[in-house]
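Open the model in your viewer and keep the selection panel at hand. The tour below moves from one selection to the next and says what is found at each stop.

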Amino acid sequence: MSEMVKVAVDAMGGDNAPSEIIKGALEAANENSCVKICLVGAEDIIKKELEKYNYKQEQVEIINATEVIETAEPPVMAIRKKKDSSIVKALQLVKSGECDAYVSAGSTGATLVGGQVIVGRLKGVERPPLAPLIPTEKGTALLIDCGANVDARPSHLVQFAKIGSVYMESIMKVKNPRVAIVNIGAEEDKGNALVKETFPLLKNCPDINFIGSIEARDIPAGYADVVVCEAFVGNVILKLYEGVGGTLIKKVKAGMMTSLRSKIGALLVKPALKETLKEFDLEQYGGAPLLGLKGLVVKTHGSSKAIEIKNSVLQCVTFKEQKINDKIKEKITLEDE
């Protein structure tokens with residue numbers, strides 16, 4: 001029997017809290033008997049929500065938290081002042097070792113700050129990157145960093161490449177993952193100062209499979225498995241990905257309803273189209289892990305529904321089983337020797 005994995009879930013964070021958060025967490029527990037959920041938040045509200053569901057009580061625990069950190073609050077100040085918030089208490093459970101992982105759809109800033117201040121970085125990790133999986137024509141790619149470090153230095157991007165390679169090999173089972181740096185052209189001498197300085201460092205890094213620059217239009221084609229960039233660029237790529245994907249799906253659906261012929265055609269292709277579009281639904285891949293911390297911290301979209309919460313929790317199980325933190329630590333330690 002697999003080892004029990006305890007996940008602290010911020011029940012009060014996100015646009016759809018607590019209903020969708022709790023629903024998704026329970027779905028994960030029902031799907032995997034080795035998952036134990038610690039729902040952190042207002043106890044009375046959580047208990048009332050739990051009454052709607054059938055679940056194994058031994059797999060669910062409530063940790064009362066009387067405060068909530070709102071999205072608009074300054075993250076550093078909120079972490080310091082709201083010690084009894086669901087985010088702080090959930091992160092403390094990971095720090096103490098009572099839980100293996102943390103999942104939240106709440107304040108991104110508070111999660112990023114709290115992850116580093118409360119949980120702490122692995123020795124040797126300069127800046128933990130936020131790294132979501134994004135769909136491509138050939139499967140998935142890891143976008144690293146997408147929101148944690150807008151002032152990254154070349155040495156940070158090199159670490160991102162190494163950490164991302166470990167993640168794709170261990171979690172996604174991609175052998176010798178291809179690493180590329182986001183650029184405005186394929187030529188080595190193109191790009192801003194950060195990219196120009198980082199390129200030769202990646203090129204001369206012996207323990208990654210660096211393939212050079214990648215332009216944004218080539219990311220969806222799956223030319224690289226690990227897409228390296230600083231957080232500003234990564235966040236723009238991620239948000240554009242989401243926006244274009246959502247718009248295309250709406251346009252395709254609308255186009256199929258324009259005439260009787262198109263409606264008949266839609267019925268015929270619906271099963272195949274549904275499976276294809278599902279691959280480009282970011283909710284299917286869970287949240288974005290903040291890699292390089294002493295414990296697993298996963299940030300999901302603020303608008304997360306139950307499916308993304310469920311997949312984020314199950315993602316934590318794989319993370320622990322594959323001992324990703326140990327592998328990242330080993331990679332970074334070898335780098336320093």
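R153 sits in the loop between β6 (139–144) and α6 (154–170), and E126 in the loop between α5 and β5 (133–136), so the pair ties together parts that are 27 residues apart in sequence. E126, at 26% relative accessibility, also counts as partly exposed.

This is a predicted model, in which local features need pLDDT of at least 70 and side-chain atom pairs count only at pLDDT 80 or more, while totals for chains, interfaces and linings use all residues. Residues are numbered from 1 along each chain as its sequence is written, and side-chain values use heavy atoms, with hydrogens and water left out.

Among the 14 salt bridges counted by this rule, select next E73 and K82, whose side chains meet at 2.8 Å, N to O. Then take K190 and E187, paired at 3.8 Å, N to O; K190 is partly exposed at 35% relative accessibility, and E187 is partly exposed at 41%. Finally, select E3, D100 and K320, which are linked in a network of salt bridges.

Now move to helix α5 (residues 108–119), whose twelve residues reach 15 Å from first C-alpha to last, close to the 16 Å expected at 1.5 Å a residue, that is, 1.5 Å times one less than the number of residues. Helices (H or I, at least four residues) and strands (E, at least two) are DSSP runs numbered from the N terminus. At the start of α5, a side-chain oxygen of S107 comes to within 3.1 Å of the backbone nitrogen of A110. Colour A110, T111, L112, G114, G115, I118 and V119, the buried residues of α5, and then display their cover, which includes α3 (75–81), α4 (86–96), β4 (101–104) and β11 (296–299), contact meaning heavy atoms within 4.5 Å. After α5 comes G120, with a positive phi near 90 degrees.

Within α4, select the buried residues S86, I87, V88, A90, L91, L93 and V94; G97, which follows α4, has a positive phi near 90 degrees.

Methods: Buried means under 20% relative accessible area, exposed over 50%, partly exposed in between (1.4 Å probe, protein chains only). A polar contact is a pair of N or O atoms within 3.5 Å; within protein, one must be able to donate a hydrogen and the other to accept it, and residues adjacent in sequence count only if both atoms are side-chain atoms. A salt bridge is a side-chain nitrogen of Lys or Arg within 4 Å of a carboxyl oxygen of Asp or Glu.
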